[in-house]
Amino acid sequence: MMLRLEKVTKKFGSFTAVDDLSLEIPEKQIFGFLGANGAGKTTTFRMVLGLLDQTRGEISWNGGDIGYDQSHLIGYLPEERGLYPKLKVQEQLVYLAKLRGMKKAEAIQQIERWLERFKVPEYKNKKVEELSKGNQQKIQFISAVLHKPKLLILDEPFSGLDPVNVEMLKKAVIDLKEAGTSIVFSSHRMEHVEELCESLCILHHGSPVVHGKLNEIKKSFGKKNVRVIADFDLAFLESIPGVTKYKPLGDGCELQIESEKIAQRIFKELQGKGFVRKFDLEEPTLNDIFIEKVGASYE
Amino acid sequence: MNKFLIMVAQTYKNRVKSKSFLITTIVTVALIFALSNLQSIIETFSDVDEEKKVAVVTDNEGWFQSLEQVVSMNDNLTLEKYDGSLEEAQTAVEEGDFQSVVEVEQGEEGLPEATYYANKIANTGESDPVRQALQQVKVQYVTEQAGVDPAIIQQMNTPVNFELVALEESAKTAEELNQTRGLVYVMLFFLYFSVIMYGQMISTEVATEKSSRVMEILVSSVSPVSQMFAKIFGIALLGLTQFAILILAGYLGIQQSKTLGDGSMLEFFGFNDINPGTIIYAVVFFILGYLLYATLAATLGSLVSRLEDAQQLLAPMIMLIVAGFLIAMFGLGVPDSTFITVSSYFPFFTPLIMFLRVGMLEIPIWEVALSIGILAGSILLLALIGARVYRGGVLMYGKSTSLKDLKTALQLSKKEK
């Protein structure tokens with residue numbers, strides 16, 4: 001059950017939204033799909049779902065096309081939330097579930113389970129327009145997963161939620177993965193991606209700039225972060241060759257370095273200068289990688 | 001259950017429960033009952049039993065008798081010879097003993113002349129019967145003076161016998177025509193209002209799904225084409241429900257007015273004696289007309305992203321149906337004019353105007369078949385284009401209120417492989 005995109009290109013007139021994108025999204029994993037606004041994420045999702053046809057290239061799932069006959073295997077949470085404002089929560093979820101090939105009785109059972117899980121069972125007979133935005137989003141999430149899809153596409157699932165609800169939904173996503181669902185999800189929040197995804201892809205202007213397993217991406221990125229907290233002025237560290245970024249903090253500084261060797265050099269330089277409270281060599285964050293890869297081309 | 005049927009059912013269920021549906025149905029049923037019982041309603045309000053008494057002040061006993069004789073045919077009016085003076089009679093009118101007083105005198109050349117006194121003279125309907133009666137008395141008097149035989153006068157007064165006969169054997173008789181005109185008139189109204197009402201409903205349905213953005217979830221589960229037709233059939237089912245209720249109400253209304261024994265308003269429209277062929281044509285043209293306009297409405301609805309814009313984009317479609325309706329109204333008077341014949345083949349007018357023609361005239365079957373063929377072809381074509389526009393249109397957001405978006409939508413849905 002692997003989703004494969006091969007040299008997929010989508011053009012709208014003269015504008016190229018997705019450019020020669022090749023991806024392999026492994027099954028039973030959470031795949032992170034990152035990119036700045038307008039990078040082509042939603043267009044890619046729409047092509048995967050068959051809502052748009054690609055200009056060139058192939059998209060296959062389990063070796064075949066994704067058609068409407070498979071819609072019961074696919075769950076989709078669009079970035080633009082959409083539910084019938086005038087319909088009651090249960091009525092609406094039953095309807096959407098039936099369209100995904102679910103039986104009514106089973107749908108009602110699942111709806112109760114999910115509402116219970118998201119701690120909102122009292123909303124069952126409320127109209128969607130009466131709910132807060134965050135709660136509407138929970139309902140939307142339920143509509144995407146109710147029919148136990150094999151492939152789940154989540155476009156910005158956590159935007160607009162408070163931290164408690166983000167945790168609740170994250171837990172649900174992880175549980176779904178463990179139950180065997182392949183999940184593709186896009187987000188602007190790097191820490192969510194870092195926490196959830198094993199593999200990822202960063203899209204920039206429609207083409208992938210980073211693609212692979214998270215730990216390998218970090219390793220191959222090479223650069224690392226050093227955090228130093230000391231009693232003396234650390235500004236001199238900026239001039240050490242190999243330090244690519246210097247960011248003063250309240251009681252210390254954060255450095256980005258080209259390789260681990262530079263860290264040893266910094267460590268030596270610090271000796272004898274005074275008391276060092278903290279010296280920390282860290283893996284680069286996804287945030288650093290994203291800014292480096294996507295931000296670089298803006299310069 | 002099939003997904004298409006699920007969507008049809010959902011559309012239907014949603015609408016049938018809505019307040020607007022309930023209200024329009026109840027109001028129309030009330031209207032039908034009112035119309036079928038119009039006779040009784042009018043009678044309740046008019047004071048039939050109260051006869052109008054008119055005092056007559058005259059010296060000529062002969063005239064009074066002639067007058068009374070003429071007026072005796074009118075149920076609502078009685079004359080009474082008043083023996084007192086004119087002033088006394090006027091007081092009696094003021095006091096309400098009489099409705100009015102008429103003084104008949106001998107004028108020039110001995111002819112009768114009258115003055116009519118009433119509290120109000122706004123309503124000539126009250127004085128007219130008296131005036132007409134007096135006119136007749138005068139003619140009688142003059143001719144008698146001239147020595148003409150009363151039998152000849154009788155002959156002069158009877159209306160001429162004037163009958164319309166169509167030479168073509170299959171042509172409708174004048175009587176039939178009058179009857180079908182009423183029926184066609186009502187049917188045209190029905191068709192016109194339902195197309196506007198249900199067309200708007202469909203585009204509203206589509207635009208609502210788009211503006212609430214639930215559309216993206218829907219198109220990822222079910223193909224836009226079956227979505228579009230599910231909407232069209234769901235609303236059609238709703239229309240059938242509404243019509244079933246209305247027809248039942250109409251039937252009950254007719255039965256009820258039949259037991260009353262009066263010729264009701266429905267009879268006036270020729271509803272009591274309907275030609276089954278006309279009914280079949282009405283149904284066929286109704287269904288085809290609905291499909292044509294419904295497909296157009298769904299296509300247009302898929303282009304807008306806000307409900308408010310739907311009305312704007314629907315305007316050209318409404319114009320079409322209004323134009324068709326106006327032509328049909330014109331055609332009721334001259335159903336055999338060339339203009340009507342030509343426009344009955346234009347698919348957007350066919351449901352109204354071809355129906356008018358088959359209702360009012362005897363049309364060769366091939367003409368009807370041809371127009372139905374053209375109509376069915378256009379529906380198919382529109383459905384094909386509509387399905388493609390719909391597919392692209394539902395993903396299109398932004399300010400879109402022009403028909404240029406048709407092109408954009410078609411580009412979006414283009415198969416590129």
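Let me start in chain B, with two helices. The axes of α15 (residues 350-360) and α16 (residues 365-393) of chain B come within 11 Å, and they cross at roughly 170 degrees. Angles over 145 degrees count as roughly antiparallel. So α15(B) and α16(B) are roughly antiparallel to each other. A word of caution before I go on: this is a predicted model.

Who makes that contact? From α15(B) come Thr350(B), Met354(B) and Val358(B). From α16(B) come Val368(B), Ser371(B), Ile374(B) and Leu375(B). By class, the residues of this contact divide into five nonpolar, two polar and no charged.

Stay with α15(B). It has another partner, helix α12 of chain B, residues 276-301. Here the axes come within 9 Å and again cross at roughly 170 degrees. That makes α12(B) roughly antiparallel to α15(B). On the α12(B) side, look for Thr278(B), Tyr281(B), Ala282(B), Phe285(B), Phe286(B), Leu288(B) and Gly289(B). They meet Pro351(B), Met354(B), Phe355(B), Val358(B) and Gly359(B) in α15(B). The count here is nine nonpolar, three polar and no charged.

Two residues deserve a second look. Met354(B) and Val358(B) belong to the contact with α16(B). Met354(B) and Val358(B) also belong to the contact with α12(B).

Now, where do the chains meet? 18 residues of chain B are in contact with 21 residues of chain A. On the chain B side, α1 (3-16) and α9 (215-221) each supply at least two residues. Which of the elements gives the most to that side? It is α9(B), with six residues. By class, the side of chain B that touches chain A has seven nonpolar, five polar and six charged residues. So much for the interface.

On to chain A as a whole. Chain A has nine helices and 13 strands. Its C-alpha trace spans about 75 × 45 × 30 Å along the principal axes. The chain is divided into domain 1, residues 3-218, and domain 2, residues 223-283. The centres of these two domains, taken over C-alpha atoms, are separated by 41 Å.

How much of chain A is buried? Of its 299 residues, 37% count as buried. And the contacts? Take those in chain A between residues at least 6 apart in sequence: 70% of them join residues at least 24 apart.

Let me finish on one strand, β8 of chain A, residues 199-204. β8(A) has a partner in strand β3 of chain A, residues 30-35. Five bridges join β3(A) to β8(A), and the two run parallel. In that pairing, Phe33(A) stands opposite Cys201(A).

The other pairing is with strand β9 of chain A, residues 207-213. Six bridges join β8(A) to β9(A), and this pair runs antiparallel. Here Leu203(A) stands opposite Pro208(A). β8(A) and β9(A) form a hairpin, with two residues between them. One detail in the turn: His205(A) has a positive phi of about 50 degrees.

To recap. In chain B, α15(B) is roughly antiparallel to α16(B), and α12(B) is roughly antiparallel to α15(B). In chain A, β8(A) runs parallel to β3(A) and antiparallel to β9(A).

How values were computed: Residues are numbered from 1 along each chain as its sequence is written. Chains are lettered from A and ligands numbered from 1 in the order in which they are written. This is a predicted model: local features need pLDDT of at least 70, side-chain atom pairs count only at pLDDT 80 or more; totals for chains, interfaces and linings use all residues. Domain bounds come from an automatic or database domain assignment. Two residues are in contact if their C-beta atoms, placed from the backbone, lie within 7 Å. Helices (H or I, at least four residues) and strands (E, at least two) are DSSP runs, numbered from the N terminus. Ala, Val, Leu, Ile, Met, Phe, Trp, Tyr, Cys and Pro count as nonpolar, Asp, Glu, Lys and Arg as charged, and the others, Gly among them, as polar. Two strands pair if DSSP finds at least two bridges between them. A residue is buried if 20 or more other C-beta atoms lie within 10 Å of its own, exposed if 12 or fewer, and partly exposed in between; C-beta atoms are placed from the backbone. Axes are lines fitted to C-alpha atoms, for helices over the stretch in contact, and angles run from 0 to 180 degrees between N-to-C directions. Angles under 35 degrees count as roughly parallel, over 145 as roughly antiparallel, 65 to 115 as roughly perpendicular and the rest as oblique.
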